[in-house]
Amino acid sequence: MPGFLPLAAVLFPLAGALIIRFIHEEKSAWRSSIAVGAIILTFASAASMLPYTMRGEIIEVRLIPLVENLHIYFRVDSLGMIFGIVSSTLWVFAMIYSIGYMAREHGQRSYFTFFVLSASATMGVAFAGNLFTLYIFYEYLAICTYPLVVHAQTREATRAGIKYISYSFGGGALIFLSLFAILSLAGTLDFAPGGILGSVDPADRGWLVVIFVLCIAGFSTKAAVMPLHSWLPSAMVAPTPVSALLHAVAIVKAGVFGITRVFYSLYGVETLRELNLTGYLAVVICFTIIAGSVMAIKQDVLKLRLAYSTIGQLGYITLGTLMLTPFGLAGGLLHIINHAFLKITLFFCAGIIITVTGKTSLSDLAGVGRRLPLTMLAFSIGAFGLMGMLPICGYLSKYYLLTAGFSAGKPVYAYVILMSTVLNSIYYLPIIVNAFFKQGLFERPRSIEAPLTMLVPTVILAVAAVALGLFAGYTTIPLVNAVIRTIF
Amino acid sequence: MVVLSAAINLTLDNLPLCIVTFPLLATVLIALFNRREIWRNLVAVSFSGIVFYLCVQLFLNVLEAPVVLTWPQYLGVGFEFKVDLFGALFALFASLVWFMAALFSWTYMSHEHRRTRYYAFLMLTLTGCLGVFLTGELFSLFFFFEMMSLTSYVLVVHAETKEAMAAGRNYLYLSIFGGLSLLAGILLLQYATGTTAITPQGEMLAGAGSTRFFITAFLMIGFGIKAGMVPLHIWLPKAHPVAPSPASALLSGIMIKTGAYGIIRVVNLIITPAAAEHGHWHFSENAGYVMIWFAVVTMFSAAVMALFQSNIKRILAYSSISQMGYILMGVGCAAYLGYEGAIAFGGFTYHILNHAFFKAGLFMMAGAIYARTHELELSRLGGLARSAPVTTVAFLVSAAGIAGFPGFNGYISKTLLHHAIVEAFQHHHLFSLRLAEIIFTLTGALTVCYIFKLFTGIFTGSRPAHLTSIPREPFLEKAVFGAIAAAVLYLGLAPQAVLKKAIAPAANSFTYDSYKINYLLKQHFLNTADLVGVLIPIALGLTLLYVLKRRKLFQKVSFPAWLSIDRAVYAPLSRSSLALFTAAGGGLEQGIDGSYLRIPAAFGAVCRGMGLFEGDLIDRAGRRLNKAVVQVREKIYALWMALINAVFGNLALLLRRGFKTLFQVDYRPRGSKLFQVVNISNLDFDLLLIVMILVIILGLIFLFGH
């Protein structure tokens, strides 16, 4: 029975998307309810696997041997579970939010089809049991999010779409190359907690370096590591729920998740330490963190500022995982969760601002706290959380990362994070200050400040961010500990 | 009744926790009483009063034994209250001054906007501020410290003017930078010694090598920003004047003390060893020496700046920096003297208490004057003594306190600090410390000068024409100012009691020689040497004021803008580093993006080139070639056809001629035998003959050739 669950998580959204595709453009109620239903079922199947994971059991299902050694293979371990449960939970909120946001937009049928479909791809990435399956779903994710990026169908959107798809497929091609190298070296592609590349003949060590470079470069395109990041800000032309979910949670985290998989399920800690390659990557990542944050400061468009902030924050996660210590990995994984909750809140607020006021530039938003008090409060929670203020959940991952940096004897990493925290505050605080302390043209709302389908998910997520900080000991930390136990 | 007494008991059992949660409760109530002025103000005043009472209770409890409350796993990091007498003393005067400020706010804030927000954040800041004093562990301290920084931002920008926003921005960014520097220091400390408890860790730090320099430096920067230590003071002269006066009073009177408190805890406690005989004192001694010089520069430069300002609150803000310099000099001396630093300890603790009262008082009095005249410029004020007698007297008392007149509180602490710097000089007889002592005396003179410039400027002289009708002083203001003056006088007239009841016991948290503590208690302050040590700066200062006033130098001297460290160093530094990173990031983005996207473009160009090649060059060449080939082919064809024609056209004739010739050959023998044998009819026989001959030859070779 449990073997059915990962399949269900992948197939429910697929089926939902198929049904939505054949519902008439006008029947929005049907469409919305099927979309939300499919996503809730996905979430339920992911959540019902959680007890197995917490008990340390691993659900496996192996099907379709395409060729010998190349299976479609699902294996739900604790690492995949973190990504799976976070994205499916947030998908529910994003789906509900989409209903409100898209109410007056064109092309709702294709939007909902692909939005639900990409849930299927994300679940596949999360629960993939070998690199081949991961690769397939990774490309699948790129394909089915492309229509969402170009949804506006303007010239700008088309250009962003081309950029997005060329970056994605470029990265995918590198992974595809490394896939065969790994297969020929290790004889298998299945993920294992201790890695599968550790037992490679010492004569072939040179190949490990090549594979490392290929894999990391491949996944870095999605993880928006600095030289390969520019698709992310351009892709902000997408509708806001897409930016919120895909460009802060699903797609970029798929890249980070892929990097984590490569580190801990393909190479293994020991092998990576011997190879001694992570230091080079760390230089790039540190640059990404600082430069991403600095670039965010000069952005005037709110969504762009959030996008650059995402680039910096993803750097934290990669930095944590590449430290190869329990604290570092825990910090990285916690930040996957925390950043997801906080950043999606921020994007939801940005979406409400766009829908209600029609303004996208920060310079037009002085005094918006008067018009949208709850929204801007949620925004403040998200922003303070990302700055690392107690008791919102972001502080915990930052604390773990700092601890990891200092205890690994690499205080430079910690200084980079502290420096970037200063920069975070420089680009987030003016937004809050302008919203609440500056006089603007905005009036108090007459009734409810925004459509309920948008406001309610936003507020719930903001509260959840605080709750995750206060009760981290009962929620996120056990989940992360489950991963740490299997790896270290 | 039972419930009430149970609640009271619970409160008294968890005093530190209640002290930090009551203001939070007050914040909620204030938010609920949004529109009801009186209830809201009453909540603010009564809760700060209750908190003050709880602090008194806590102080009395701590006199017997330190109070400890811990929650080891809370927030994933652990949370701890551990109150020793030093912390309790700070909490005590902080809550008292807060109570006074809340009372004063009642009258002062009645003309301001957004009062609910002001009161709510006033209470939140109280939580943060008291929390700093009540923890025994640096992580918890950091939490409250940051909370105080962020919430007090709202108090700074309360006016929401352009100036206030700019000052607030400055304050916020520096606070955050300081907070993170603090965090770095705390984490480094944790990895150097394994604990962040506020206890002497000198022995453990000695093994940490150069890390302890970083720890000390990070912590000093973090706390130094809040304490307004030069050169990290730049936010202070901007932020303190723009806040509403009660908030300025708290910023200057209490909140900068949290920075001093942190520095004291670091320099005089954490980096010192736990035992007297240990050989690890030299590190804290060196830190103390450095501290003395930072402090001396701070006190002197800020006093000079204060002298030449014309805005009342700005003078007071610079004066705060200068007075913090006094305190930090005491801290430095205490660390420099190490085990024997009790006098210096007494000096800076006493000065912290004093400064809290007279500076908070002076800011509130400036606020009272502003509320009545809407003027803060000294040149537009004057002659207010008659219309505000209580304020005048209280101001005079506070000014006498800050100037260190005998009988007022500043005299006690400045005398102790003077003893401390002299002792520090006698410790190793370093000439530089002799110099420091001279600067100390000069700064005393400057203090007298600027504070009496302020007093004479506001209260004496002739009243300007535009200040005709001045409202009377409200009762609440009179009460608060009276209380402040009383506090200043009590601290000045009963030093023995304060030293014995509060300061000497507080010194037990630190590692000091008990002999020195007793020596501190035996000070009686009314000897000739001490009086002369204070009267010299007073005489100097008054002379200086007279000369400057006579020559009208206050109007003439102004500092050039480039002298400001903000303009000269920080602004260009931050601007250029920001520009550098932005340019680097932007350039990178453009470059990478351009090159990545140029790959398809390059492919396209290649393809277009190929197309050009194919469609044009090859085509043309092909066409030409084709034409040529066709021409050649046609020529060949024509030739061929001509040949064919020629051949076949004449074929019959040729055949006929051929046969005729053949038959002629055959049938017209000319007497030769050969022509008769070789003729066309027996050709096959001839061939047979040849074949047979060949076979015979080959057979012979085959048989005999080897």
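Visitor: What radius of gyration would a compact globule with 488 residues have, and what does chain A have?

Guide: The radius of gyration is taken over C-alpha atoms, and the globule rule is 2.2 Å times the number of residues to the power 0.38. A compact globule with 488 residues would by this rule be near 23 Å, and chain A has 21 Å, which agrees. Along its principal axes the C-alpha trace of chain A spans about 70 × 55 × 45 Å. Please keep in mind that this is a predicted model, in which local features need pLDDT of at least 70 and side-chain atom pairs count only at pLDDT 80 or more, while totals for chains, interfaces and linings use all residues. Residues are numbered from 1 along each chain as its sequence is written, and chains are lettered from A and ligands numbered from 1 in the order in which they are written.

Visitor: What radius of gyration does chain B have, beside that of a compact globule of 706 residues?

Guide: For 706 residues a compact globule would come out near 27 Å, but chain B has 49 Å. The C-alpha atoms of chain B fill a box of roughly 180 × 70 × 65 Å along the principal axes.

Visitor: How many helices and strands does chain A have, and how many are there in chain B?

Guide: Helices (H or I, at least four residues) and strands (E, at least two) are DSSP runs, numbered from the N terminus. On that basis chain A comes to 20 helices and two strands, and chain B has 26 helices and two strands.

Visitor: How do strands β1 and β2 of chain A pair?

Guide: Two strands pair if DSSP finds at least two bridges between them. Here β1 (residues 59-67) and β2 (residues 70-76) of chain A pair in the antiparallel sense over seven bridges, and one bridge joins A:E60 to A:R75 of β2(A). The two strands form a hairpin with two residues between them, and A:N69 in the turn has a positive phi of about 75 degrees.

Visitor: Where else does a positive phi occur, for instance at A:A224 and B:H429?

Guide: Most residues other than glycine have a negative phi, and most peptide bonds are trans. A:A224, although not a glycine, has a positive phi of about 55 degrees, and this residue lies in the loop between α8 (205-223) and α9 (231-234) of chain A. B:H429 likewise has a positive phi, near 55 degrees, and is found in the loop between α16 (409-428) and α17 (431-459) of chain B. As for peptide bonds, a cis bond joins B:V230 and B:P231, with omega about 5 degrees, and B:P231 is in the loop between α9 (211-227) and α10 (236-242) of chain B.

Visitor: Is A:A224 buried or exposed, and is B:H429 buried or exposed?

Guide: A residue is buried if 20 or more other C-beta atoms lie within 10 Å of its own, exposed if 12 or fewer, and partly exposed in between, with C-beta atoms placed from the backbone. A:A224 has 29 other C-beta atoms within 10 Å and is therefore buried, whereas B:H429, with 8 C-beta neighbours inside 10 Å, counts as exposed. Over whole chains, 61% of the 488 residues of chain A count as buried, and for the 706 residues of chain B the figure is 48%.

Visitor: Which residues of α3(B) and α5(B) make the contact between these helices?

Guide: Two packed helices are described by the angle between their axes and the distance between the axes. Axes are lines fitted to C-alpha atoms, for helices over the stretch in contact, and angles run from 0 to 180 degrees between N-to-C directions. Helix α3 (residues 37-64) and helix α5 (residues 115-134) of chain B pack at an angle of about 10 degrees, with their axes 10 Å apart. Angles under 35 degrees count as roughly parallel, so α3(B) and α5(B) are roughly parallel to each other. Residues are in contact if their C-beta atoms, placed from the backbone, lie within 7 Å. B:R40, B:A44, B:F47, B:S48 and B:V51 of α3(B) make the contact with B:T116, B:Y119, B:L122, B:M123 and B:L126 of α5(B).

Visitor: How many residues of chain B are in contact with chain A?

Guide: There are 31 residues of chain B in contact with 34 residues of chain A, and α23(B) gives the most to this side of chain B, with twelve residues.

Definitions and conventions: Contact = placed C-beta atoms within 7 Å. Parallel < 35°, antiparallel > 145°, perpendicular 65-115°, else oblique.
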